[in-house]
Each structure stands twice: as C-alpha cells, then as structure tokens.
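Welcome! Take a look at the structure below, and then we can go through some questions together.

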Protein chains: 2
Amino acid sequence: MEQIVNIGVVGIGNMGSAHGMSLYKNKVKGCKLVAVCDSDEKRLQWAKSNLKGVKCFNDYHELINSGIVNAIVVATPHPMHPVIVEEACKNGIHVLTEKPAGVDVKTVAHMNQVAKESGVVFSIMYNQRTNPLYTELRRVFQNGDLGQLVRFNWIINNWYRTDAYYASGDWRATWDGEGGGVLMNQCPHNLDIWQWITGMPIRIRAFCHKGLFHPIDVEDSAEIFAEYENGAIGIFQTSTGEYPGTNRMEISGTRGKAVIENGKLTITLLKEDLMEYTKNSKEFMPKIDVDERTIIQEEPESAHIGILQNFSNAIRKGEPLLSPGEEGIYGLSLANAAYLSWWKNDFVNLPLDEDEYLHFLQSIKNSNHEKHIKTLCEDGSYGEYSNRWKVKW
Amino acid sequence: MEQIVNIGVVGIGNMGSAHGMSLYKNKVKGCKLVAVCDSDEKRLQWAKSNLKGVKCFNDYHELINSGIVNAIVVATPHPMHPVIVEEACKNGIHVLTEKPAGVDVKTVAHMNQVAKESGVVFSIMYNQRTNPLYTELRRVFQNGDLGQLVRFNWIINNWYRTDAYYASGDWRATWDGEGGGVLMNQCPHNLDIWQWITGMPIRIRAFCHKGLFHPIDVEDSAEIFAEYENGAIGIFQTSTGEYPGTNRMEISGTRGKAVIENGKLTITLLKEDLMEYTKNSKEFMPKIDVDERTIIQEEPESAHIGILQNFSNAIRKGEPLLSPGEEGIYGLSLANAAYLSWWKNDFVNLPLDEDEYLHFLQSIKNSNHEKHIKTLCEDGSYGEYSNRWKVKW
C-alpha cells in the first residue's frame, strides 16, 4: 500500500486553518496533518487548542526542514506563495499553494521553473475546477461541440464586500499586501476557469476602477476586453460593490452557445457549422434548428477537499493533477495584463512583458497611499471552509 | 372632430411598403394614405397594383409639394432621412422618419434645429419603445427604485444575418449606403433603448470588428464600453454572426438590479441603499434581504402601428410623442462615438465632436473598397412588417 503523506500547512489564517482542520479530521485520504506554521502567535494558540498533536512552527523554514513533512499546503499572503513554494521544491517537498500563484508573472514563471526542475508534485488550489458545470462546459468546448470560439462573456460580480471586510486585515486591498484588488483576491478562480475552458487570449484591454465602491487604493471593479488569435472576443466584468450581483458565463461558438447561470448549464447546438451556413444560405435571417440541453448542478462540488484529495493521490499514486501548479500563471497573467492595460491606457499583448509589469507595479507601490479605513474587526471563523470560496450562483 | 391626416410614404422598400400597407388598410386611426414615392420603377409598379387609388410619385419633392399630404413617413436609405425631413419641415409637413435619424451627428443636429423652428410634428420610428418590458424598466429606473446607476449591460446579438442578406442591396453594409454596419442598421433600436432608459454616458471606448463574419467593409461585431458621469459603467455587445444569439439587458443600481431576457423582466430590490449599507455594516459579505418580482410580456408590443398611431394622435390631438424625432440624435451619437473610438483607438467624449466625426467618416469612405459579394437576390416580402423589426427574445 502507498505511504501516508505527512503534510504541513504554512499559514493558518482563514483559508489555511480550514485546510488544516480538514486534514486533521481525516477528510483527505492518504494524508496526515503533522505540522502547521504561522508567524502570528494567536494563530498558533488556536492550533494548539484545536489541532492536538500537530507540531507548531512560527518559521516556515523550520517546518520545511523539520524532516517530518513530505508535503506542504501554502496559505500565506499572496506575495509569499512563490517564495515558500520554491523553498519546498528545493527541499524535495511536494507543494500545494493557495491561489493566486503570486502577484507578478515574472516571479511566478521563476517559481514554475524551479518546481519543474525539482520534480515534486506541485498543485494550486483552484477548487472551482471541481465544479461539474464548468467541467462539462470545458469538455464540450474542448472536444469541439461548440465549434470555434466566437465570444466569451462572464458577468461575475456576485462578490459583494462591505467596507468592514476591507478593514479586516492591513494587507487587504493594498498593492503591497495583495498586488491588486478584486482581480487578485476574488477573481483568481474566475480568471483561471475562463482560460481553463477557452485557452488564453492574445491581447487585453482593461478598464479598472480604483475604489469605486470602497475607500481602497486598488480596483474594486474591472472590465476586461480580450481578443483571441482567431478573432474571437472575450468580455469579463467584475466588482465587489453590487448586490445581489450576477454570475453568468456565456460562450458563443460557430456551432452553438452555452450559458451557465443560477447553477444551470444550458447548451444549444447547431446541426452544422454556422460559418458555412452563413456563406451558403439563400435566406437572409433564417430560423435554424437547434438542439438544447440543460444540466443542473445537483450536488455541491468537491471543492477544496477535492483538490487536496487529488494532490494526495498525485503524490501517492501518480494521479494526474486537476490543477497543476504551473497553470497558476495563466489566470495571473490575465490579472497582470489587465492592470498593465489600465496603467498604460492601451492594449497589452499576451504573453505579458514580465519586466514591464514589474516596473509598473513598483511605481504603483511607490505612489500608494495609506488605506483610508482602519482595521475594524477580525473574522472569527477559523478552521472552516467558507461558502464564499465555493462557486456562488 | 379632428381632421384626417393625409399621409404620404417616401420610400416603399421593405419598411416603407409595410408602413404604406398598414396605412392603406386603415390600421392607423385618423390617417389616410394618399401618396407614395420611390425612385425605383418596380416599387411604383408594386404600389399601383397593391395600393389602389394612392397617388404615386418618383420624386419626393413633388410629393411634398403636391398639396395632397399634410404628413409624410420617410423610409428611404439612411443618408436621405435628414434631407427629406428638412424639406418636409420647411413646407409645414409633419414628418415621421425611419431610424436611424441619419448617418452623422452634425447633419442630424441641423435637421433637429430645422424641425424645431418649423413647429411641425416630428417623430422617429423607434418602435421598440412600445415594448412593455423596456417601458416598465425605464419607469422603475427613472423613478429611482433601482437607486443610482452602477452598471448597464446589454448582450444583444440575436441579429444573425447571412451573406445573402448583405448581398440583397448594394447599399447594405457600406459606409456610403448606411454609414456603418450592425450599429447603424440593426442596433439603432438598442442604442436608443439604452439611452432612453439610463440617459447618456459621458465617454465611450469601443471595439468594432470589420467583416468578422461576413465579407463586408463595415463592422458586423462591436463592443462598446461606456462611462457615466457618476462613475457607472455601460457595456454593450452586438454582432450579426452568432446563432441563436442572446438578448439580455441587465441594469445594476445602488438599490437593486433588473434583468430582461427571454421576454421576462426580473427586478430585484434592496430595502436600503447599498452604498450606505456598505459603509455601515459590520458583516464582511452579508446576505441581504431582497424583494424580487417578475413581469412577463404577455402581448406583443404595438410596435410600428403604435408609433404611427401616436404620430397621428400628436398631429390631430396634440398627444405627446413617445418617440420625438429630435431624440434620434442620442442613439446615433452612441454609434458615431463607437466608430470614432474605433478609428482613433481611444476614448471619445460625449457629446461628440461633430466635425471630427465627419472628417473621419469621409476618410473612411474614401478608403472604402468594393463590397466583396455580389447582389444575390431580392427580398420579396413587401407590404408586411417583418418579425425582425420587433423585439426578439
């Protein structure tokens, strides 16, 4: 039988404590939580009370070099993800990082190289990839049922947040702490699912809006306009200032269209490719026969547990990763490109010029003001997965 | 009793012949069709066979000066609308023009001035303003139920057209003949309804795509990104190359949201203004109580007949116009601004610089190529309203 994975969690704030508790309660087969790490003494106190028998570290180097873990989960603030991933890789420790992969593409590309050379299992917590509707739409699109891509559209603004949320951590909604706003904190899943289904566009023009709804120096509203190599168009809209908000994805292809909204995937397929039909039809605005089918999400996705289980299986049995760590760079590229387009007030080509991005990011950080709101309160729900991290319809 | 309006129709192609037949069949109270005009002998032959007793002209000057009409409907190719409207106004003839008001804002502004000075009743065929869902959404938005505008979004691409359609007239889909593509031919209603509900944005950044789906030199796909004075955002997407396409309008405000799709208006209202809630709530991502109501369009809108009847009532009884001719400039401004933004690859402010637009339009016309497709066939359905001119869900 395969060996048990002895796992450590680095960073046990909101997200990491939930991963820690899942592992502690043996919700992930083949894994055992043996260590946690946090620089905050209060969080370690929580761990000592709630994760009996698990070794606590306040320095991640010590955890990695402790000899008691052969895998870690990284759930620190974003800028630390690549740093810790690289150290784990260099020590032969398998690693699952929280999203986003990092805050800038250059650093993440370097991390990917280090991970590749190390040969460890490297995954990223894109838990929304376990959603059955996104999975089915990806399958249908990628096997060609929808034909060539014509248009991708995602209105994803059911990310409402109050000012109190933004005040709940000094790092929140700052260029230093998160490397951006809604695109870096709320939307990494959406940006990943977008490219996971359609592949990457070749250029981006984005409009971001600094503190449109909240007193913050990063964007809390953004629209991304994208172009694909074949001329297809992508539009992505998000904000944290609308209620109840909308989560509606639409893909239009040369053989049909698909819409996901309210937990329901509707696929409408043509019987032939529309491009040929457009050329050959003698009618002007014909009514064309279509087949329509609807798939309703009956069960919640396996989410974080699913990704943790897949990580465990990959280590123990060589199961292919659902969410390889190297793929974190794609969604991040979309976010970085959106910021660069905003700052330059122009189109930005993909793949992104990594150095140019870093240069602009540094200028923005240097000109960054203090956050306009004081820390008000702390989120008390540790050790549990929040519904906000699941797909919300 | 009020006098009967003796009406002439100038241009009896697809649209004009349908208006002519409606009037001929007395579907519009208080009006009598007494004259038609077309420069095409075949169309006049059709009129002689189908509109017995109606006087036929091949020159609109003669019709206007005939002394037998006191109102006209203009249904010629777009560039002629302002020319004929002005001549009618100067002769004291009431006038209802087809959309768009013209092809450029400067000419239309001049027309509006002439119409105003003349004192005649001047209306424009924005038949989609009679749709009960748009009417109700406008009422709800404009009386403040949705609060301040946050975001307007319209995916309106159920305008599928074949290449045969584009080949059905030399003027179709050319800069000379129509002054543009999908934004000038298919979308005038949508651009009007957009501004009719929300008012005008203050700047536009648009992406238009020349012949993405068809061999034409004008755009058959466009995305308009708009900003309003209060920071609200508008996104408008259209094309004639997708099937089955989508017609989905969404308005997000500080007190709720509204969606129109599939002949159904859904309004979701908050109990207080979200901006205050965002500031004052101690929760981070609260679930907020909302009221939702749904309105289904049970009956078809009165459409063209409704606008014709309103025109007649305005002349005879002073009834306020549902669609005053002067308001045609707003939707046209959005289309013109979209083109100018495309050509300049930059934002364009509204109100538009009329002379700059004319300058660019002339350059585009000069560089315009021949249409890539030959005229294939003619549309044989004269004298009837086509479903394509109604709101399509």
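Q: Which side chain of chain A meets E261(B) in a salt bridge?
A: A salt bridge here is a side-chain nitrogen of Lys or Arg within 4 Å of a carboxyl oxygen of Asp or Glu. The pair has its N and O 3.1 Å apart, and the partner of E261(B) is R248(A).

Q: How many salt bridges does the rule find across the interface of chain B and chain A?
A: The one with E261(B) joins the side chain of R248(A). Across the interface of chain B and chain A, the count is four.

Before going on, a note on the model: it is predicted, local features need pLDDT of at least 70, side-chain atom pairs count only at pLDDT 80 or more, and totals for chains, interfaces and linings use all residues. Residues are numbered from 1 along each chain as its sequence is written, chains are lettered from A and ligands numbered from 1 in the order written, and side-chain values use heavy atoms, without hydrogens and water.

Q: How much area do chain B and chain A bury between them?
A: Buried area is the accessible area (1.4 Å probe) that two parts lose on being put together, summed over both. Carbon and sulfur atoms hold 63% of it here, and the total is about 4700 Å².

Q: Which residue forms a salt bridge with K106(A)?
A: Across the interface of domain 1 and domain 2 of chain A, with bounds from an automatic or database domain assignment, the rule finds one salt bridge. The closest N and O atoms of the K106(A) pair are 2.5 Å apart, and the partner is D355(A).
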